[in-house]
Amino acid sequence: MIDMIEINISNGILPQVSALVVYQDKVCYINDKKYSVDDLFLKQLKDILYTFKNEYGSSQQIDAEEFTIKVYSQGVEDVYHGKGVFPANYAIFKRLLGDIYGR
């Protein structure tokens, strides 16, 4: 069972999204704002992340978008990372987050 997910997305040194999802409380903090989330959001997020590889590599572009996602589950931390190289469903992942803070 997932306890918490920490998500950081940036362009170069400029942060875009800083999010913390607390599964038990069904809460998502995005860029210092608190949002309630439902079971469907939590399931979709989990399903997307379970298709990610841990490392996608790093582009040499200075201002390439970079993501770091940490999933905490029963004392274990899984880290997913990419800079300029992304999973096939990365746009779906970002859209899911945007659905929350775009309300």
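Predicted model: local features only at pLDDT ≥ 70, side-chain atom pairs only at ≥ 80, totals over all residues.
Q: In what order do the helices and strands of the protein run from the N terminus on?
A: The protein has 2 helices and 7 strands. Read from the N terminus on, these elements follow the order β-β-β-β-α-β-β-β-α.

Q: Which radius of gyration does the protein have, and why does it agree with that of a compact globule?
A: The C-alpha trace spans about 40 × 30 × 20 Å along its principal axes. For 103 residues, a compact globule would have a radius of gyration near 13 Å, and the protein agrees with this because its own value is 13 Å.

Q: Is K26 buried, partly exposed or exposed?
A: K26 lies in the loop between β2 (14-22) and β3 (27-30), where it has a positive phi of about 55 degrees although it is not a glycine. Buried means under 20% relative accessible area and exposed means over 50%. The relative accessibility of K26 is 35%, so K26 counts as partly exposed.

Q: Is D32 buried or exposed?
A: D32 is found in the loop between β3 and β4 (33-36), and this residue, although not a glycine, has a positive phi of about 70 degrees. Exposed means over 50% relative accessible area. Because D32 has a relative accessible area of 82%, D32 is exposed.

Methods
Residues numbered from 1 in each chain as written. Heavy atoms only, no water. Helix = DSSP H or I, 4+ residues; strand = E, 2+ residues; numbered from the N terminus. Rg over C-alpha atoms; globule rule 2.2 N^0.38 Å. Buried < 20%, exposed > 50% of the residue type's maximum accessible area, 1.4 Å probe, protein only.
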